[in-house]
Amino acid sequence: MASELRISVATTLAVVGLLPLLAACGGSSDKADASSTSAAGSGSNAANSTTKNADGAVQLTVPDGVDDETKKQYIQENAIAACMKKQGFTYTPHARSVSSSESYFGGEDYALAKKSRQKYGFGNYSAAVYPGDSDAPFADVPGRRAGKDLDPVDEDEKGLTAAQQKAYSEALAGPPAKTKAEEKLDGCELKGSEAANGPTPSLAEQKKTWEASVEKNRANGLELNGDSQLVQLAQKFATCLKEQGIAVSTTQPTGLIDMVRLDQVVPENHASMSKEAALPLLTKEIDISLKDLECGKEFRAAYFPKEKAHPYWGDGA
């Protein structure tokens, strides 16, 4: 299937930090009009209003106030849909949405994080205690299974013969690669990516960009971990945690920001446990998560603005 190739190519490109992950292919046939909706993605499946272009391709309406990366996602999906329509196929675009609990999961917004943690803790047991709750991390809800995005259920390839399905896949993603090393973005997916991100760089350019981003990330981490205010507040944060009986495995600002959540020992079946088994674990986790939030209130208020100026990914520097 084209979606399988698409995932592997998108993952490769994501690794070099050049292109956003592609949304899953497919849609709800050619039934949408200006008042119809389409939904997919993780967390709450917020509906996306749609229209049609002159060729009849379904197009998502870009919401007001979205950030640049989200806007690129809409542009990319709309371009794929238009490209597929020109080749005689239906492709209904889908844009990923983020659940309200995920959007403030890290504690950047203290008030919203407190409201979330009072119910979900760190989210590890919330799916078992609140099944069907779209805001519960790891929940099985439309568009997600155990917190992972699912391909949208659609009818774009419904009724196609084997030959037509092959043609659809090649129109969408290009001819299948003979080897893993030869996989690349192609077909309408390439058109969509270029519409959103510009021309696809060469492998040499991708490597150069990736190496530069790694070095920039390392420098940003050193900047954050060497910031005198953050170092002082991190020590205060760590002392508070210890006084609350919570172990501290790092005092580096870049590690401390998520340390308590990541240090939790969670059983593999946490999302599928019975409510009776999960409830006491959730109760304990809520208590720990709120202590973490309170102890780190001053630290996080200083950390997040500085992290925005020096974006960092990883658990240390």
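Trp210 is partly exposed, with a relative accessible area of 30% (buried means under 20%, exposed over 50% and partly exposed in between, with a 1.4 Å probe and protein chains only). The model is predicted, so local features need pLDDT of at least 70 and side-chain atom pairs count only at pLDDT 80 or more, whereas totals for chains, interfaces and linings use all residues. Residues are numbered from 1 along each chain as its sequence is written, and side-chain values use heavy atoms, without hydrogens or water.

Helix H4 spans residues 110–120 and buries Ala113, Ser116, Arg117 and Tyr120 (helices are DSSP runs of H or I with at least four residues, numbered from the N terminus). Seen down the axis of H4, these buried residues fall within an arc of 95°, so they line one face of the helix (the arc is that of the directions from the helix axis to the C-beta atoms). The face turned away from that buried side carries the exposed residues Ala111 and Lys115, and H4 is followed by Gly121, whose phi is positive, near 65°.

Asp292 lies in helix H12 (residues 275–295) and Arg117 in H4, so the pair ties together parts that are 175 residues apart in sequence. Asp292 is buried at 2% relative accessibility, and Arg117 is buried at 3%.

In helix H6 (residues 162–173), Glu170 and Lys166 are 4 residues apart, about one helical turn, and they form a salt bridge with the closest N and O atoms 2.8 Å apart. Here Glu170 is partly exposed at 29%, while Lys166 is exposed at 52%.

Conventions
Helix = DSSP H or I, 4+ residues; strand = E, 2+ residues; numbered from the N terminus. Salt bridge = Lys/Arg side-chain N within 4 Å of Asp/Glu carboxyl O.
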